Amino acid sequence: MTSGQFDKLPGTAQPHGPSAGDPHRIVFANEKGGTGKSTTAMHVAIALVYQGAKVAVIDLDPRQRTLHRYLENRAETIKRRSIALPTATFEVFRGDSVEQLEAMALDVGTGHDFLLFDTPGRDDPFARHAATFADTLVTPLNDSFVDFDLIGQVDAETFKVRRLSFYAEMIWEARKKRAMTTIKQGRKEMDWVVVRNRTQHVEARNMRRIDQALGELSKRVGFRVTNGLSERVIYRELFPSGLTLLDKGHLGELGTSHLVARQEMRALVMGLNLPNPARVSADPVLEAAQ
Ligand SMILES: Nc1ncnc2c1ncn2[C@@H]1O[C@H](COP(=O)(O)OP(=O)(O)OP(=O)(O)O)[C@@H](O)[C@H]1O
Ligand SMILES: [Mg+2]
């Protein structure tokens with residue numbers, strides 16, 4: 001990836017990103033499909049609203065719009081059951097220029113603490129734009145070298161990292177570009193966090209190898225690694241109702257047995273090291289997770 005490729009974004013003018021004081025942007029991105037972007041995004045969004053934060057979401061995948069559907073399902077459950085649940089503001093982006101995307105970000109994000117972008121699992125100019133202007137870039141990765149391949153290639157015998165992938169180089173370029181806006185617009189540097197999704201403790205040997213390779217790569221590319229959600233059927237089952245494990249009291253029988261899962265949601269949000277807006281309570285996810 002050369003920095004020139006960023007100039008090929010749709011639209012005529014140079015894309016203008018956010019300014020200081022705008023909501024903190026969290027972008028869920030990974031060019032590979034099905035790594036858990038939308039699932040992780042939903043759980044982070046709802047954990048943040050439970051903290052008292054105002055959260056807005058833009059779904060950049062107008063075809064699948066998984067996150068949008070998840071939040072729509074949540075809105076329907078709230079209405080159908082006449083219950084009060086905290087939720088996020090949400091929109092799908094269907095425009096065709098970066099200027100339109102920034103206009104939507106301004107429109108949807110104003111008055112919110114966090115603006116989340118869920119991106120499609122393929123190369124996409126708007127996903128690239130969103131990634132460039134991320135304050136926190138979250139890349140979910142399943143514990144598999146198939147997913148790992150997207151960031152770096154490993155040697156078949158030693159499992160040592162041989163080279164960076166196209167995607168890692170693209171993010172590298174995005175960060176360089178971001179560093180310039182950091183200086184010009186007084187924004188913070190991008191924090192790139194690789195979140196391990198669908199971890200399974202039965203796969204200890206594979207996990208250790210991935211750990212090793214990720215550790216090596218994180219130093220070369222400059223990301224952090226944190227634990228995300230483990231493999232649980234419940235994360236799939238809750239989609240139609242738009243509920244999450246934090247919606248205690250509304251989950252029926254599922255509600256009581258998932259203390260560990262709620263703790264892992266809490267750990268996930270803590271691991272993202274997000275800023276703490278004034279209205280957010282001190283250790284709210286912990287409260288919600290009890
Ligand atoms: N921790 C988990 N435990 C169990 N199932 C999971 C978990 N995370 C994701 N899944 C399931 O894996 C599939 C892919 O997840 P998801 O849609 O979040 O990925 P994605 O990266 O957003 O995909 P795409 O690239 O297509 O947008 C879904 O069926 C989802 O329910
Ligand atoms: Mg998705």
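A: By class, the shell around ligand 1 has three nonpolar, 10 polar and six charged residues. Here Ala, Val, Leu, Ile, Met, Phe, Trp, Tyr, Cys and Pro count as nonpolar, Asp, Glu, Lys and Arg as charged, and the others, Gly among them, as polar. Keep in mind that this is a predicted model: local features need pLDDT of at least 70, side-chain atom pairs count only at pLDDT 80 or more, and totals for chains, interfaces and linings use all residues. Residues are numbered from 1 along each chain as its sequence is written, while chains are lettered from A and ligands numbered from 1 in the order in which they are written.

Q: OK, which residues come nearest to ligand 1?

A: Gly33, Lys37, Ser38, Thr39 and Gly121, out of 19 around ligand 1. A residue is near if its C-beta atom, placed from the backbone, lies within 6 Å of the molecule.

Q: And which helix gives the most to that shell?

A: That's α1, with three residues. Helices (H or I, at least four residues) and strands (E, at least two) are DSSP runs, numbered from the N terminus. Both α1 and α8 (234-237) supply at least two residues each.

Q: What does α1 do with α9?

A: The axes of α1 (residues 37-50) and α9 (residues 259-271) come within 10 Å and cross at roughly 85 degrees. Axes are lines fitted to C-alpha atoms, for helices over the stretch in contact, with angles from 0 to 180 degrees between N-to-C directions. The two helices are therefore roughly perpendicular (65 to 115 degrees; under 35 is roughly parallel, over 145 roughly antiparallel, the rest oblique).

Q: Who makes the contact?

A: His43, Val44, Ala47 and Leu48 from α1, with Met265, Leu268 and Val269 from α9. Contact means C-beta atoms, placed from the backbone, within 7 Å. Six of these residues are nonpolar, one is polar and none is charged.

Q: Switching to the sheet: what's the strand order?

A: β3-β2-β4-β1-β5-β8-β9, seven strands in an open sheet with parallel pairing. Strands pair if DSSP finds at least two bridges between them. β3 (89-92) and β9 (224-227) are at the edges with a single partner strand each, so one side of each has no neighbour in the sheet.

Q: How confident is the prediction?

A: The chain averages a pLDDT of 85, and 86% of the residues score at least 70; pLDDT is the predictor's confidence in each residue, from 0 to 100. Over residues 1-14 the pLDDT is below 50.

Terms used
Contact = placed C-beta atoms within 7 Å.
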